[in-house]
Amino acid sequence: MHRINSRRWRPGDLIPGEVELAEEFGCARATVNRALRELADSGLLDRKRKAGTRVALNPVRKATVEIPVIRQDVEARGKDYSFDVLDRKELAPSAVLQQQYGLASSTQLLGLWTLHRADTMPFAYEERWINMAVVPEIADADLATLSANEWLVRNMPLLRGEFTFSAGNATGAESHLLNCPRDAAVFVVYRSTWVVDDAITAVRLVYGPGYSMKTVV
């Protein structure tokens, strides 16, 4: 990475092969291969079979986003966390969910509507749908003690996730729950997670005015 950052290896340059680098650094070729693969995964190198490895013409660092646990977010701000499940029901997927996630109309979903608090004040409103065919254990989980957010992070492997971040305006119901004016600017997160080709959960999170999110690249 130092040679890329110092421009010793410039964008588009063909870098030495694995054997040559292994000899230079006195390490196994497998170690070099792993290091180059990680740099390629981060967007700094372009690797093509039989064409060698080049420094990416337009290097882009890829951010790794972890599924956040809302309790940890609240506690990191020095506040006490609590939550209430406002509603819970088993239901069939809507036409929109069927189309977005490839669900059959007969799929059983667990729907949860939750209000998360920080020092007893509203922090985030959550609407969540969980695919019970993929996560049958969720039916017996005590989600009034441990939030579905934290239960899924602890218990379900994540192979793929999709995130959408947007600005929005609080609806009448959301303004009441979040204790903010109707149509106030809110931060909205849409998130879905998958294992292989099966959707695990889809969630919509609404954070009240003033909320900020930080990620480290």
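Asp119 is partly exposed, with a relative accessible area of 35%. Asp119 sits in the loop between β4 (109-118) and β5 (121-131). Helices (H or I, at least four residues) and strands (E, at least two) are DSSP runs, numbered from the N terminus. The phi of Asp119 is near 55 degrees, a positive value in a residue other than glycine. Most residues other than glycine have a negative phi.

This is a predicted model, where local features need pLDDT of at least 70 and side-chain atom pairs count only at pLDDT 80 or more, while totals for chains, interfaces and linings use all residues. Residues are numbered from 1 along each chain as its sequence is written, and side-chain values use heavy atoms, with hydrogens and water left out.

Asp183 also has a positive phi, near 70 degrees, and is a residue other than glycine. Its place is the loop between α7 (172-178) and β7 (185-195). Asp183 is partly exposed, at 49% relative accessibility. Cys180 lies in the loop between α7 and β7 too, but Cys180 is buried, with a relative accessible area of 12%.

What does Cys180 touch, leaving aside its neighbours within four places in sequence? Its contacts are Ala170, Ser175 and Pro209. Contact means heavy atoms within 4.5 Å.

Leu178 belongs to helix α7. At 7% relative accessibility, Leu178 is buried. Beyond its neighbours within four places in sequence, Leu178 has contacts that include Leu115, Phe123, Tyr125 and Val206. Pro122 is another residue in contact with Leu178.

Pro136 is in the loop between β5 and α6. Pro136 is partly exposed, at 47% relative accessibility.

The table sets separation along the chain beside C-alpha distance.

| Pair | Apart in sequence | C-alpha distance |
|---|---|---|
| Leu178 and Pro122 | 56 residues | 5.1 Å |
| Pro136 and Leu110 | 26 residues | 9.9 Å |
| Cys180 and Met213 | 33 residues | 19 Å |

Now to the helices. In α6 (residues 148-155), the buried residues are Ala148, Asn149, Glu150, Trp151 and Leu152. Their cover includes α4 (70-76), β4, β5, β7 and β8 (198-207).

Helix α2 (residues 18-25) buries Glu18, Leu21 and Ala22. These three are on the same side of α2, because they cover an arc of only 100 degrees around the axis. The arc is that of the directions from the helix axis to the C-beta atoms. An α-helix has 3.6 residues a turn, so residues three or four places apart point the same way. Just after α2 comes Gly26, with a positive phi of about 65 degrees.

How do α2 and helix α3 (residues 29-41) pack? Their angle is about 110 degrees, and their axes are 8 Å apart. Therefore α2 is roughly perpendicular to α3. Axes are lines fitted to C-alpha atoms, for helices over the stretch in contact, and angles run from 0 to 180 degrees between N-to-C directions. Angles of 65 to 115 degrees count as roughly perpendicular, under 35 as roughly parallel, over 145 as roughly antiparallel, and the rest as oblique. On the α2 side, Glu18, Val19, Leu21 and Ala22 make the contact.

Key: Buried means under 20% relative accessible area, exposed over 50%, partly exposed in between (1.4 Å probe, protein chains only).
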